[in-house]
Amino acid sequence: MAEQAVDTEGEPAAPRKRQPPSATPASSTSGRPPQARSDRPSEARSDHSPQARSDRSPEDRPSPTPEDPAPSSDTPPRQRSAAGRANAQDGGVWSGATRAVLFAAAATVGRGFAGRRRELLSLRADIERAGLDTLAGRKAARSRVLLIAGRPGWGRTALAEELVRRLADDYPDGVLSARLTTSAGDPVPTERTARELLGRLGGTAPPGADEDDLSEALRAALDGKRVLLLLDDVAGAGQVDALLPDEPDCLVVAVSRGPLTGVPDVRPCTVGGLDVSAAVGLLAQYTGPTRITCDPVAAQSLVEECAGQPAALVLVGGWLAARPQASVDDALARLRELPPDEGDLDHGARPLIRAFRLAYAALPSAAARMLRLLVLAPGGSVDAQTASALAGCSVADGEAALEGFAAYGMLRPRGPGDYQVPGCLDPLLRERLAAEERPAEVELARARMLERAVRQLHACRLAAEPAGSPGRKKLAGMPKPLRFSSSAQAAEWLEARLPTLVEAARLAVEIGELDTLARRLVAALTHALTAHRGAEGAAVELYGLHELVLDVARRRDLPVERAAALLNLGDLDGGAGRVDQALARYKSALEAARESGDPYTTGRALESIGGIYQELEDWHRAADWYGRALELRLSRRDLSAAARMYARLGTVHGYAGQWGEALRDWRAAAAACRRAGDRPGYARALSGAAGAQERTGRPKEALRTWAEAAAAARTCGDTGLHADLADHAADAMDRLGGDPAVARSLRRAARKAATAGAEDTGPSPRSGEGNPADLRNQ
């Protein structure tokens, strides 16, 4: 049912007349949470009481709906923010009064680093302290590792980022960072992290390379460099060891819950709560100095209640920032009034859990629902499009909600319009999601998110087409939030969102409930990557996407799709030099294709197996598999494919020294190309026949055929092919005793064609250095 959900971001409705925002304060000093306002007629007739609306269960509360038109993607960020704030006043996730204080708070909240002076000094001293190798008189074999250990929410990542910021100037080759645990708590595969870091260094690795090859390539790229590597949320010592550079001038800063046993000479630093002055300063960033100055004793008591935990202090500070009339003592009283909970038994998690309960209970119902749905976003990375799709609201409401959550301290801003769900809050929000949302609603929200991603990728692919093309016209008719103004903007968006999109596809396949949408997402991502990068540039990402398709095809018993995925993976394996693995893929694809009875995939598998044996220079087996593919093509009366198979057979028979067989094959290929109207293929086939005639002792026939090949190439419209065949024909004239004047004419024609081709396409390597009839790589 959820796979048939329609994307909520359709054509925007006509704007409605807006009412002025209410002048009622966001909350009183008693701390009553603000209530979401709605001016939908059905709600107004049923009950005007705010208390009655707040008592509804989550299932009975109406979901927000798209309202006013959202600003286009090329609108400046400030204008988009203003539009989102205005639109959300009419039934958005925040009431008008709540919005006023929220966004005033968001504009004044500081992002400064608080405290940790002792820890920073200790970590910097550890960098200079002699290691075990130095004490033993040996040169350090690997880079130094600084470990910042602590539970999520105690500021370990903030400390690591501050340390990296202060050390960045000492490492001129740059700073690299990676998170080694997913938002769901699963370790990130090392090969994925190594490839990502390698790409940032400008290095490459073949598609499908294993963990050892990628780790070795990463170490080779770091050799001789001075790089600072930040590894956040490390799940185990094996992850660090696989990524640890062999360059002593590099430095690794690892963030983990506990010790990294097995990593040699690691320097640990355990973080706890902030000292009182730093904790009060962190609160002041949200509340302002006035409320702290008015009641310093309450501020100190609030810090003690939160045990100095930064994440808890941020949540309480966000609660106070949204309530300018509430005092610090009000927040302290509300925290102490919270009823006991089973999470209170864990003393390390107790401050964060209670602060989260306070902040979460104060959210309007629509905002609370959107917040808990944000954990469905892949990697915890959300933007306005993702938030609006998950909650089923407009893009403007989604953008406004994310800004409000950041003011509350519940989201961490990463860039313009981009936010991250803090790792310490992810499990708490997942518990709320499981308790307050029905599974069908969760599945529907995930389906909306995937559908939105498919539509965005479709628009991204259309933006790569030339101006004035049918694709561009179709793009112009799409809703404004989905449009891209240029191909460059679409490519920039794709590169920025690529890790999130790939993670979305991976999660959709792993969950297995939305396989149809998962397959559509993978297909859309494949097309967008190919359109902007080309097949070769996108090969690395395509390898993983084809593996996802293969997983779905095996689970759903789809033999045609299984065969197609295996063929694509085999092509990438063969291109990376893994010939044996490619051959196994092709043979498995042939079994699946025969199982489905699909002639196209069967023929492609037969041809691919022949190509592998040709690469292995097993000419007899290659000819056998090409012959099987030819029989299938002839039975289907596919002239173009039959001509290609005749040409491949002529090539392998020639390499095997069977020139009589090769001549018959090339003649058959020429006849098939002529019937199919393939002029370039006809010219190549004639050149192959001429070469076979030379080897069989027919010089006069060979000269005539070379002349025919050059003439056919001249009229096919391919200047490169014309130049190659004219050169080869001139060489044949000299070699076989032909007319020297004809040879000179052919060489002039070759130079002229080569010059014309260079003017049209720019300088390129001459493909005529080999035999133009050799189709191994065509």
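# Briefing: a helical chain and its side-chain contacts

The side chains of Asp573 and Tyr543 are joined by a polar contact of 2.9 Å. The model is predicted. The protein chain has 35 helices and 8 strands. Of its 778 residues, 51% count as buried.

**Whole chain**

- Among contacts in the protein chain with a separation of 6 or more, 67% come from residues 24 or more positions apart.
- The chain exposes about 34,900 Å². Carbon and sulfur atoms supply 51% of that area.
- A search of the whole structure finds 48 salt bridges.

- Asp573 sits in helix H26, which spans residues 559–575.
- Asp573 has a relative accessible area of 0%, so this residue is buried.
- Leaving aside residues up to four places away in sequence, Asp573 touches Tyr543, Arg578, Gln581, Ala582 and Arg585.

**Salt bridges around Glu503**

- Arg192 and Glu503 form a salt bridge through their side chains, at 3.2 Å from N to O.
- This pair links distant parts of the chain, 311 residues apart. Arg192 belongs to helix H8 (residues 190–200), and Glu503 to helix H23 (residues 487–511).
- Glu503 also takes part in a salt bridge with Arg506, where the closest N and O atoms are 2.8 Å apart.
- Arg506 and Glu503 are separated by about one helical turn, because they are 3 residues apart in helix H23.
- Residues three or four places apart in an α-helix point the same way, because the helix has 3.6 residues a turn.
- Glu503 is buried at a relative accessible area of 11%, and Arg506 is buried at 19%. Arg192 counts as partly exposed, at 28% relative accessibility.

- Glu561 and Arg519 meet side chain to side chain in a salt bridge of 2.6 Å, N to O.
- Here too, the pair links distant parts of the chain: Glu561 lies in helix H26 and Arg519 in helix H24 (residues 515–537), 42 residues apart.
- Both ends count as partly exposed: Glu561 at 25% relative accessibility, Arg519 at 30%.
- Elsewhere, one network of salt bridges with shared partners joins Arg369, Arg372, Arg432, Glu436, Glu437, Arg438 and Glu441.

**Helix H29**

- Helix H29 covers residues 619–635, 17 residues in total.
- From first C-alpha to last, H29 reaches 24 Å, close to the 24 Å expected at 1.5 Å a residue.
- Buried residues in H29 include Trp619, Trp625, Tyr626, Leu630 and Arg633. Ala622, Ala623, Gly627 and Ala629 are buried in H29 as well.
- The cover over the buried residues of H29 includes helix H27 (579–596), helix H28 (599–615) and helix H30 (639–655).
- Arg637 follows H29 and has a positive phi, near 55°.

**Cysteines**

- The structure holds 0 disulfides.
- Cys294 is exposed, with a relative accessible area of 63%.
- Cys393 counts as buried, at 0% relative accessibility.

**Pro413**

- Pro413 is in strand E7, residues 412–415.
- At a relative accessible area of 39%, Pro413 is partly exposed.
- Pro413 and Leu402 are 11 residues apart along the chain, and their C-alpha atoms are separated by 9.1 Å.

Methods: Residues numbered from 1 in each chain as written. Predicted model: local features only at pLDDT ≥ 70, side-chain atom pairs only at ≥ 80, totals over all residues. Heavy atoms only, no water. Helix = DSSP H or I, 4+ residues; strand = E, 2+ residues; numbered from the N terminus. Buried < 20%, exposed > 50% of the residue type's maximum accessible area, 1.4 Å probe, protein only. Contact = heavy atoms within 4.5 Å. Areas by Shrake-Rupley, 256 points an atom, 1.4 Å probe, with all protein chains shown as cover. Expected span 1.5 Å × (residues − 1). Polar contact = N/O pair within 3.5 Å; in protein donor to acceptor, adjacent residues only side chain to side chain. Disulfide = S-S within 2.5 Å. Salt bridge = Lys/Arg side-chain N within 4 Å of Asp/Glu carboxyl O.
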